[in-house]
Amino acid sequence: MAELLALCGSLRRYSQNRAALQATESLAAPHVGFQWARLAALPLFNPDLEHDLPEAVARLLEQLEAADGLVIASPEYAHGISGVLKNALDWMVSSPAFYQKPVMLINTSPRAHHALDSTREILTTMSANIIDDACVELALLGKGTGLDIAQQPEQQAQLLGGLERFLAVLSDR
Ligand SMILES: Cc1cc2nc3c(=O)[nH]c(=O)nc-3n(C[C@H](O)[C@H](O)[C@H](O)COP(=O)(O)O)c2cc1C
């Protein structure tokens, strides 16, 4: 059974990015393991701590190791990637488990291309394996709540298609 790890770059209660990940989790069940990284629990990245890892970071790195693939959804803030996501990626940057880790990116706002481009650049620099065919763009544009996604057949179909293509790549490895 494939194990996926979800990273949500928004801490907002009604986050559309989290909603998109939750919809993906529902579509993946019950044949796929779906874990959530607790990015809010992470301290700010400090390389000095890499030899005496805070518990939340150690947990994240364990989850990273156990995951066959990462599913990432994150907002754009002021044309940049969210600090929440960047902080988590910085903690993972030295982990050998990141090397060639397959990644599915979900972008909930097509106009937010700066953050997406930047996220791709960071992930590529970290030697992740972004599975382009599996990446999904949902035109939510910051409107509505997570419940909307679950009720939108078109968005469900997009997520399911991306997920199926992602799982196909994972099963070939
Ligand atoms: C401080 C702030 C800055 C933002 N900057 C941008 C931006 O530069 N480009 C953009 O497309 N959306 C921007 N947005 C909109 C968010 O990306 C959008 O509301 C998104 O849905 C938030 O993600 P979430 O629903 O998962 O919290 C910004 C929102 C906030 C709060």
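Student: Where is Glu76 found?
Tutor: Glu76 sits in strand 4. Helices (H or I, at least four residues) and strands (E, at least two) are DSSP runs, numbered from the N terminus.

Student: What kind of model is this?
Tutor: This is a predicted model, in which local features need pLDDT of at least 70, side-chain atom pairs count only at pLDDT 80 or more, and totals for chains, interfaces and linings use all residues. Residues are numbered from 1 along each chain as its sequence is written, and side-chain values use heavy atoms, with hydrogens and water left out.

Student: Back to Glu76. Which residues is Glu76 in contact with, leaving aside neighbours within four places in sequence?
Tutor: Glu76 is in contact with Arg111, Ala112, His113, His114 and Ala115. Contact means heavy atoms within 4.5 Å.

Student: Which backbone nitrogen lies 2.8 Å from a polar atom of the Glu76 side chain?
Tutor: That is the backbone nitrogen of Ala115. The backbone nitrogen of His113 lies 3.5 Å from a polar atom of the Glu76 side chain. A polar contact is a pair of N or O atoms within 3.5 Å; within protein, one must be able to donate a hydrogen and the other to accept it, and residues adjacent in sequence count only if both atoms are side-chain atoms.

Student: And what separates the C-alpha atoms of Glu76 and Cys135?
Tutor: A distance of 16 Å, with the two residues 59 apart along the chain.

Student: New topic, the ligand. Which residues come nearest?
Tutor: Ser10, Arg12, Ser15, Asn17 and Glu76 come nearest, out of 13 residues around the ligand. A residue counts as near if one of its heavy atoms lies within 4 Å of the molecule.

Student: How do the residues of that shell divide?
Tutor: The shell has four nonpolar, six polar and three charged residues. Ala, Val, Leu, Ile, Met, Phe, Trp, Tyr, Cys and Pro count as nonpolar, Asp, Glu, Lys and Arg as charged, and the others, Gly among them, as polar.

Student: Which elements each supply at least two residues of the shell?
Tutor: Helix 1 (16-28) and strand 4 (76-77).

Student: What lies 2.6 Å from an oxygen atom of the ligand?
Tutor: A polar side-chain atom of Ser15. From Gln16, a backbone N or O atom lies 2.8 Å from a ligand oxygen. Ala78 has a backbone N or O atom 2.9 Å from a nitrogen atom of the ligand.

Student: How much of the ligand's accessible area does the protein cover?
Tutor: The protein covers 65% of the 630 Å² that the ligand has on its own. Accessible areas come from the Shrake-Rupley method with a 1.4 Å probe; for residues, only the protein chains shown count as cover.

Student: Ser82 next. Where is Ser82 found?
Tutor: Ser82 is in the loop between strand 5 (80-81) and helix 3 (83-92).

Student: Why does Ser82 count as buried?
Tutor: Because its relative accessibility is 0%. Buried means under 20% relative accessible area, exposed over 50%, and partly exposed in between (1.4 Å probe, protein chains only).

Student: What does Ser82 touch, not counting residues up to four places away in sequence?
Tutor: Gly9, Ser74, Pro75 and Tyr77. A polar atom of the Ser82 side chain lies 2.7 Å from the backbone oxygen of Gly9. The backbone nitrogen of Leu85 is 3.1 Å from a polar atom of that side chain.

Student: Now the backbone. Which residues does a cis peptide bond join?
Tutor: Ala29 and Pro30, with omega at about 0 degrees. Pro30 lies in the loop between helix 1 and strand 2 (33-36).

Student: What phi does His79 have?
Tutor: A positive one, about 65 degrees, although His79 is not a glycine. His79 is in the loop between strand 4 and strand 5, and it is exposed, with a relative accessible area of 53%.

Student: And what is phi of Gln100 near?
Tutor: Near 60 degrees, a positive value in a residue other than glycine. Gln100 is in the loop between helix 3 and strand 6 (102-107), and at 33% relative accessibility it counts as partly exposed.

Student: Last, the whole chain. How many helices and strands are there?
Tutor: Six helices and eight strands. Of the 173 residues, 46% count as buried.
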